[in-house]
Amino acid sequence: MAASVGGSAGGKSAPAAAAPARLSANYFMAQALQISEAAGNGLLDGIYAGASPIMKAAQGRDAFVAQSRDVLARSGSATGRDWVSVRREVVPGGQPQASGAPPPGDYVVVLIGAETGVGRGRLETITFHRDSDNQWRLCGFVAATLGQTAPSTNPQK
């Protein structure tokens, strides 16, 4: 990832990351865990600031921060995090796009389970996109309490 995933909030800053030498599930999982921890520490403005233009087109900063903060507050502080899956997706270009479909390009989607207490938790979907400058950047962070449908952040065209 070329850009920092955080800013400052109360003196805290999310770590910046160097671009991977090669595409690796471990790299993206580590980046996703950093983003999850930064979000849990309230660094949502900084996460948004370093995000891909795709994420910014899908949802404004204020809506992203409010929506994420709401789910994080309702689900509680994470007492542990673990990866659920890491997958790479390619959305082909040159074809008509369905409404709400992501723009063409390369994506990596990481699912993280966050424990927030006995029998409680949330699922975080953290998506990266290879932007036009060939750098991988965050293009989606959606948290949902377990048993709740995740809110849509796809841009409406």
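Reply: Let's start at F128, which stands opposite L138 in β6. F128 itself sits in strand β5 (residues 120-130). Strands here are DSSP runs of E with at least two residues, helices are runs of H or I with at least four, and both are numbered from the N terminus.

Before going on, some ground rules: this is a predicted model, where local features need pLDDT of at least 70, side-chain atom pairs count only at pLDDT 80 or more, and totals for chains, interfaces and linings use all residues. Residues are numbered from 1 along each chain as its sequence is written, and side-chain values use heavy atoms, with hydrogens and water left out.

Back to the strands: β5 and β6 are antiparallel partners, joined over nine bridges (two strands pair if DSSP finds at least two bridges between them). They belong to an open, antiparallel sheet of four strands, ordered β3-β4-β5-β6. Its edges are β3 (80-91) and β6, each pairing on one side only. From one strand to the next, the twist averages 20 degrees. Axes are lines fitted to C-alpha atoms, for helices over the stretch in contact, and angles run from 0 to 180 degrees between N-to-C directions.

Two helices come in here. α1 packs on the sheet and touches β3, β4 (105-117), β5 and β6, with its direction at about 125 degrees to that of β5. α4 packs on the sheet too, touching β4, β5 and β6, and its direction makes about 45 degrees with that of β6. Contact means heavy atoms within 4.5 Å.

Now the rings. Searching the whole structure turns up five aromatic pairs. One of them is F28 with F128, a tilted pair with 5.4 Å centre to centre and 50 degrees between the planes. Because F28 lies in helix α1 (residues 25-40) and F128 in β5, this pair ties together parts that are 100 residues apart in sequence. F28 is buried at 1% relative accessible area, and F128 is buried at 0%. Then there's F64 with F141: the centres are 6.4 Å apart and the planes at 80 degrees, so that pair is edge-to-face. F64 is in helix α4 (residues 61-75) and F141 in strand β6 (residues 136-145), 77 residues apart. Both F64 and F141 are buried.

For the cut-offs, Phe, Tyr and Trp rings (Trp by its six-membered ring) pair if their centres lie within 6.5 Å; planes under 30 degrees apart are stacked, over 60 edge-to-face, the rest tilted. Buried means under 20% relative accessible area, exposed over 50%, partly exposed in between (1.4 Å probe, protein chains only).
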